[in-house]
Every structure is written in structure tokens, then in C-alpha cells.
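Here are my notes for you to read alongside the model. Take them one point at a time, and keep the viewer open while you go.

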Amino acid sequence: MLRDALVKGFEKKKTDQFLALADSAPLLFVQRSQWYAEPARSPPRPLAALPAILAIISHTAGSPCHDLETCAKIVFDIQQYHKYGKGHLWSDIGYNFLVGGDGLVYVGRGWGVEGAHTLGYNAWSLGVALVGKFDATRRLLERAVERGHLARNYTLLGQRQCKQTQSPGNATYAIIKGWPHWSLLPPILAQTTTTTTI
């Protein structure tokens, strides 16, 4: 029911942000205020390169979600863990966007700013985390290219290619390997002084 209300609310907004791609289902964003995000401790840093040259796909730990209420709670809990959990104490949620199992896109840090998801790659990438299934993920990447937030010749990577992790899982990783822009090897990037504690 809340998802229906959210969709209706989005339909009333005649802004470019919520327009559907011509050949796709609508791509609907849940703004930070709608999942009750806490403010970041400090302003986000802009990416080292605009538009982003990498898209890094990961998954979140824990249970998947299938409705707005559950997904919003999980996204909020992730932010709490990233800000206050042992070994984290980041300024904000680490991802730029999270794709819920409900098919909605949850705004994390947003466009054009550095995340805290993949050390050594954050300053150059759009970090997308999956909370359950990932129906909207490919459309999110297409939208990012359309709107100039992601380079047209961007490189697509699974987080496991950049650090010691099993994220994303084997099934998801096998799928994204068949998507356009996926690369077997991460590019060599200029060194930056940033860390994941931002």
C-alpha cells in the first residue's frame, strides 16, 4: 500500500527525475527523507572524475526485502551500521544508491560524490548495492549515462574484483558479467588520499 502511494506521489511530480526511460518501466527513486536518513556528518566529496568512470555492483548482508516498508528499514539500518558500527564510523551510508527487492532505487550519497564502499575506487565510481533482487539496476546505470553522471565508456565491475569479498554473490556476478561494459580487470587508477572513512 505504501509503495502504491509512493508511485502515485511520483506520478504527480512532473519533474525530469522521475520520467521513465523510453523503452523501460519507470525508474522510481526513494529520496533520503523518505527512508528517514540521518544527515551526513560532513558534506560529501565530489568525485575525482566527472562523470564517474566506474560502476561497482555489490550486495548488502542480511535479508532481502520485497516492499517499501521493509526495504526502507534495511537501508536505514545500513546507514546506522556505516555511521556507528564497529570499524566503520563513516560520515554517511557508503553507497551512492541501493536497489531494493521492491524494484525501487534508494538514494544513498547520490550522484557525483564519493562513496565509501570500495577502498581505492571510491573517488572514481558510482557504487550500487543490491538489497535482494536487482531488477532496476541496469536501468539505473542507463539513466546515469543518459543524465551525464556515468561516462558513456564506463567500466562495470563487481565489488569482488576490487577487494577481498564475495560480493556480489555468484549468481548476480554471473549475470552482470554478461552486461555491456563489464571488464575482467579493473582499470589502473591514479592514487588518491581518500579512505573509506569518509
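1. Let's start with one side chain: does His-117 count as buried or exposed? Keep in mind that this is a predicted model. His-117 has a relative accessibility of 6%, so it counts as buried; the cut-off for that word is under 20%. You'll find His-117 in the loop between E4 and E5.

2. Now look at what surrounds that histidine. Leaving out residues up to four places away in sequence, His-117 touches Ile-56, Gly-94, Tyr-95, Asn-96, Asn-122, Ser-125, Gly-127, Gln-159 and Lys-163. There is also a polar contact of 2.9 Å between the side chains of His-117 and Thr-118.

3. Next, the sheet. In what order do the 6 strands sit? They run E1-E4-E3-E5-E2-E6, in an open sheet with mixed pairing. E1 (29–30) and E6 are the edge strands with a single partner strand each, so one side of each has no neighbour in the sheet. In general, strands of a sheet pair through backbone hydrogen bonds, either parallel or antiparallel.

4. Zoom in on E2. E2 and E5 run parallel and are joined by 6 bridges, with Ile-57 opposite Val-128 in E5. E2 also pairs with E6 in the parallel sense, over 5 bridges, and here Ile-56 stands opposite Leu-157 in E6.

5. Of its 9 residues, 7 are buried, so E6 is largely enclosed by the rest of the structure.

6. On to the greasy part. The largest nonpolar core has 25 residues, and Val-105, Leu-140, Leu-141, Leu-150 and Leu-156 have the most contacts inside it. Among the elements that each supply at least two residues of this core are strand E2 (52–59), strand E5 (125–131), helix H3 (137–146) and helix H4 (170–176). H3 gives the most, with 4 residues. As a rule, nonpolar side chains in soluble globular proteins tend to be buried together.

7. Apart from its neighbours within four places in sequence, Leu-140 is in contact with Leu-27, Phe-29, Phe-97, Val-99, Val-105, Trp-111 and Val-128. A second, separate core has 17 residues, including Ile-74, Leu-98, Tyr-106 and Val-131.

8. H3 lies across E1, E2, E3, E4, E5 and E6, at about 150° to E6. H2 lies across E1, E3, E4 and E5, at about 35° to E4.

9. H2 itself covers residues 68–84, and its 17 residues reach 24 Å from the first C-alpha to the last, close to the 24 Å expected at 1.5 Å a residue. Its buried residues include Cys-71, Ile-74, Val-75 and Ile-78. At the start of H2, a side-chain oxygen of Asp-67 comes to within 3.2 Å of the backbone nitrogen of Glu-69.

10. Finally, some backbone spots to check. The peptide bond from Leu-50 to Pro-51 is cis, with omega near 0°, and Pro-51 is in the loop between E1 and E2. Ser-167 and Pro-168 are also joined by a cis peptide bond, with omega about -5°. Tyr-36 is not a glycine, yet has a positive phi of about 65°; this tyrosine is exposed, at 65% relative accessible area.

Conventions:
Residues are numbered from 1 along each chain as its sequence is written. This is a predicted model: local features need pLDDT of at least 70, side-chain atom pairs count only at pLDDT 80 or more; totals for chains, interfaces and linings use all residues. Side-chain values use heavy atoms; hydrogens and water are left out. A nonpolar core is a set of buried Ala, Val, Leu, Ile, Met, Phe, Trp, Tyr and Cys residues joined through side-chain atoms within 4.5 Å. Buried means under 20% relative accessible area, exposed over 50%, partly exposed in between (1.4 Å probe, protein chains only). Contact means heavy atoms within 4.5 Å. A polar contact is a pair of N or O atoms within 3.5 Å; within protein, one must be able to donate a hydrogen and the other to accept it, and residues adjacent in sequence count only if both atoms are side-chain atoms. The expected span of a helix is 1.5 Å times one less than its number of residues. Two strands pair if DSSP finds at least two bridges between them. Axes are lines fitted to C-alpha atoms, for helices over the stretch in contact, and angles run from 0 to 180 degrees between N-to-C directions.
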